[in-house]
Amino acid sequence: MATLNSTIPTGGGYDGGDNVLADYAGRLRRARLGMAVALTPISMLFVSFTSAYIVRQGLPTLDEKSGQYVRDWIAVSLPVSLLLINTFLLVMSTFTMEMARRQMARRAVLTPVQTIPGVSIGDEKRFPWLAVTVVLGFGFLAGQWMAWREFASRGVYLATTPSSSFIYLLTVSHAVHLTGGLIVLIAALVMSMGRERLERQYIIVDTASWYWHFMALLWIYIFALLQFAK
Amino acid sequence: MGLALLAVIWLIAFLSTYFFVAKTWWLPAGMSAAAAGIDHQFTRTFIAMGIIFILAQCSLGYFAWRYRDRKDAAKVDYSHGNIKLELIWTTLTAILFIGLNLQGSAIWAAERFRPAGPNAVQVEVTGMQFAWYFRYPGADGKYGKTDPQLIDPSAGNESAIGLDTRDPAAKDDVVTGTMFVPVNREVDLTLKAIDVIHSFFVPSMRFKQDAVPGLAIHMHFTPTQIGDYEIACAELCGLGHYKMHGMLKVVSQADYDKWLAAREAEKQ
Amino acid sequence: MATTAAPHLHAAPTGFIRKYIFSLDHKVIGLQYYFLALTAVFVGMFLSLLMRIHLVWPGASIPLVGEIKPETYLALLTMHGTIMVFFVLTTAPQGGFGNYFLPIQVGAPDMAFPVLNMLSFWTTFVAFMVMLAAFFVTGGAPLHGWTGYTPLSALPNAGPGEQLGADLWVISIAIFCIASLMGALNFITTTLDLRAKGMTLFRMPLTVWSWLITAILGLLAFGVLLSAGILLLLDRNLGTSFYVPLVVVNGQVMGHRGGSPLLWQHLFWFFGHPEVYIAILPGMGVASQILSTFSRKPIFGYKAMVYAIMAIGFLGFTVWGHHMFMSGMSPYSAFAFSLMTMAIGVPSAIKTFNWLGTLYRGRIRFQSPMLFAIGFVSVFVSGGLSGPFLAQPVLDIPLHDTYFVPAHFHLIMGVAAIFGIFAATYYWFPKMFGRMMNERMAQVHFWFSLIGAYAIFMPMHYLGLAGHPRRYSQLTELAYLHNLIPLQKFITYAAFVTITAQFIFVFNLFWSMFKGPKASDNPWEATTLEWTTSTPPPHDNFGGHTPVVNHGPYEYSVPGAPRDYIMQTDPPTGTGH
């Protein structure tokens, strides 16, 4: 089909791709775009929780007995040292995640080399950044579990007070999302031990890394909210 | 087919408009001080929307017929639009809509931005599944304490709202299932609900307000005609929502005083 | 330039399961969504028929169903609304037609993430099954309305159906949120990243614009609904008090303290208002597409239409409080929300003017898609114009929670949006199935639907003005309702007739799939990319090559052109857009 390239305005560049590399770049770009889009509703979920939290703090309720409006918000003290350790673990894991991502990015470039018969990438000693990230992630979750146990030991459960409800709501929701990310990282680890194409592995690790960084930022936000906006 | 579309669309437009203009089924006569303002705003909105409705539907029907494809049809006017026209009708629409809204808002502000006056008749309205109870504070002007633990809907009136009869302020509280108010005096309602959201709705008074658990909402109106007016619940509250109705009786000041005195006497 | 095979995002499947059950092909997935919605709409219609019968003949015993109790009426009402809003109006226009045609209309071989697409359909399916399950558990389906206001929906002992049925309702909605978010992800990424060469944003058909903005609305709104649902499940099952203050139910003091019923309303309507725009925007896009095609005229004011869609989408997030004027919310907030609500009427008005402008001096062809597109404009005008009444808080005082409100939203969602689905079906059926639908049957379907729908919903305005409250299972208690019963009876008769007419559509649909006359590649002489490919489209949509776009989407009756339409992939003419 004859086309006059000079008259085609820009915009809409998907042309099917003549070579595999362009396709890989396109797939990576699309995956990143998809991740950016996916982080939006997750943000909205926590924005929604936050607005409910802020409003509830100040919300008076009618006390039937006195006929007056009273505020019933009782702040709950957090196990700050424990949570700081957890934060440290998670922040460390974003660092190791980023190292893992860059390490894999470099290897993914070698994908075309994989197709040459008789040539192998070689298994030079690589620091297991991805595995360390997974361990740190589990460490964070274990630390969160310990924090929930600490609350329970003080008799602070989900339904104890409005403030405790929000503490559990925010931290458990975050932990659930983090676990989802952790599962993907474990899958990527397993994949890295197999013969999956490096480009495909990289796309997964790359998008998972942005998700992981977002989860760390989200945690810092939640911690700050619960600690400073009591 | 174009002619059929024109005929049917025009018929629907005129028939619907007829019933609005003829007021075959309409708002009941307004019996409160706020009704006149609200009804005027209704009329303004009706006229504006009615004109647009007729113009839009009739244009649609007319265009469907006039520009139907046929052998001798004119050539199509190849046009991507007309920016000037867009700006004009957008501006006009905005002026109309915002203008209508500001007019209505003035009435809204008059009704709802100010609390009731100091001489208003105080009535506490409590909604529950599936009845309304009305409490008058009595001579001391104070509502007595209520206690949720004392609530027993099956025992009616005082027990239904959990009145704590040990409280001295509660001794002169009158609780009834029928709402009496004197005519031409502002009524200051305190709306409460003990279980789920209900809504206190008296069409003739052009009055509606949700009763929300956890809140005590003040809202006022001034009845201007003696009569009996049905109260409907206007927020889905459970299986008995359709039968949760009450009666508002607007009487003369003298009759109201007599009624209240009789209720107080019953309590001795 | 040599044509190179476009790398398929996935290879053509073999085997029944991969081809029709767990297909990765957006066309199959689109059809799966469509048939899910078709099933849901018949369930929803059946529920509404039962409601209509019970309203005017409360003691009647209906074959196979028996007598309907007041609480059953409320359960029918709740499930009718929920199923229609979620599984019909949020499914067919976007999941159905959007999935099928967005990739083709932008020149892509498939959606950006085909596996995610497949998962989004099956998650929707699971949500639907969970919703239907609510009918069959102890206590039955919930009775708290599709809006699920708390504390009624948060207290299992507040009514029949509010135990497991209500939990299943919330869980189904939560699952649906996730499914919708997966879908939105695909729509946005595909539109932004997979457009063919020359398909600039301002050459995209208005259908694509409407699917894109709808997806963005969903992306921002469904997360909030999910949060609302999570809080509700916690209040219902784990003793929290997000929504429930101290309440006494049946004489029993419940354990909740300090919660806010209004919190649910704010969260729900923050989602709920964009949701109604999600329901209508695709229909508007389809109407624009069809009005232009069948008037043989470019859409009047294409750019204005795009900006109007964006404005509606954006403003849609600022108006949620207009559902709460009577709720106990601050009257000052009410004023602010009402101003925004009137503002959102402006872009809708622009679109209506432009549809009329498209018809003006066109050469109108009256095949079935066009009948429904014209009908769409009529019912959209009717439904839209009751908006400015409800948008004014002072007029909302007498009208809120009366039949005026269902009159308004049924004309827009229950008629206009549905007409959008019908129009899209008649328009795209030839492309999807390779055959034409029967025009005679379509015309009968159209006239009965248009007149019938008006007969059902126009009288509801009058009922509302007379003060007839919503959601009343029976009209026997309030004295002032008694003389409104004849009008209710009229509505019920109209509903019988209109619902019956829908069977003509279903028969036409299935019969034509197998027996309809074969369709050419472009039976409507339309310009957008789906009409450039074969009927039905091949697995990768364009048979091995990627289209190159040289024209805008609505180049009809261009002066000097050899025929009265220029397809988007036709060679450039050096003029036009």
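In the hairpin formed by β6(B) and β7(B), 4 residues lie between the strands, and B:Arg206 takes a positive phi near 50°. This is a predicted model.

**The hairpin in chain B**
- Strand β6 (residues 198-202) of chain B pairs with β7(B) in the antiparallel sense, over 5 bridges.
- Within this pairing, B:Val202 has B:Phe207 in β7(B) as its bridge partner.
- Strand β7 (residues 207-211) of chain B is largely enclosed by the rest of the structure, because 5 of its 5 residues are buried.
- Both faces of β7(B) are covered. One side carries B:Phe207, B:Gln209 and B:Ala211, the other B:Lys208 and B:Asp210, and all of these are buried.

**The five-stranded sheet in chain B**
- An open sheet of 5 strands in chain B has the order β3-β2-β1-β5-β8, with mixed pairing.
- From one strand to the next, the twist averages 25°.
- Strand β1 (residues 121-128) and strand β5 (residues 187-193) of chain B run parallel and are joined by 7 bridges.
- Across from B:Glu124 stands B:Thr190 in β5(B).

**Nonpolar cores**
- The largest nonpolar core has 316 residues, and the members that touch the most others are C:Ala287, C:Phe376, C:Ala416 and C:Ala423.
- Chain B also takes part in this core: domain 1 (2-68 + 81-112) and domain 2 (121-266) of chain B each supply at least three residues.
- Not counting residues up to four places away in sequence, C:Ala416 touches C:Ile280, C:Gly283, C:Phe376, C:Val379, C:Phe380, C:Gly383 and C:Leu411.
- Another core, of 5 residues, lies apart from the largest one and includes C:Trp524, C:Ala526, C:Trp531 and C:Met567.

**Chain A**
- Chain A contains 6 helices and 2 strands, which run α-β-β-α-α-α-α-α from the N terminus on.
- Of the 230 residues in chain A, 32% are buried.
- Taking contacts in chain A between residues at least 6 apart in sequence, 81% join residues at least 24 apart.
- A:Leu185 sits in helix α5 (residues 162-192) of chain A.
- A:Leu185 counts as buried because 24 other C-beta atoms lie within 10 Å, where the cut-off for a buried residue is 20 or more.
- Leaving aside neighbours within four places in sequence, A:Leu185 is in contact with A:Leu130, A:Thr133, A:Val134, A:Gly137 and A:Ala208.
- A:Leu185 and A:Ile204 are 19 residues apart along the chain, and their C-alpha atoms are separated by 8.5 Å.

**Contacts between chains**
- The contact between chains C and B takes 92 residues from chain C and 88 residues from chain B.
- On the side of chain C that touches chain B, helix α10 (residues 331-359) of chain C gives the most, with 14 residues.
- That side of chain C divides into 63 nonpolar, 20 polar and 9 charged residues.
- The contact between chains A and B takes 5 residues from chain A and 8 residues from chain B.
- On the side of chain A that touches chain B there are 1 nonpolar, 2 polar and 2 charged residues.

Definitions and conventions:
Residues are numbered from 1 along each chain as its sequence is written. Chains are lettered from A and ligands numbered from 1 in the order in which they are written. This is a predicted model: local features need pLDDT of at least 70, side-chain atom pairs count only at pLDDT 80 or more; totals for chains, interfaces and linings use all residues. A nonpolar core is a set of buried Ala, Val, Leu, Ile, Met, Phe, Trp, Tyr and Cys residues joined through C-beta atoms within 7 Å. A residue is buried if 20 or more other C-beta atoms lie within 10 Å of its own, exposed if 12 or fewer, and partly exposed in between; C-beta atoms are placed from the backbone. Domain bounds come from an automatic or database domain assignment. Two residues are in contact if their C-beta atoms, placed from the backbone, lie within 7 Å. Ala, Val, Leu, Ile, Met, Phe, Trp, Tyr, Cys and Pro count as nonpolar, Asp, Glu, Lys and Arg as charged, and the others, Gly among them, as polar. Two strands pair if DSSP finds at least two bridges between them. Axes are lines fitted to C-alpha atoms, for helices over the stretch in contact, and angles run from 0 to 180 degrees between N-to-C directions.
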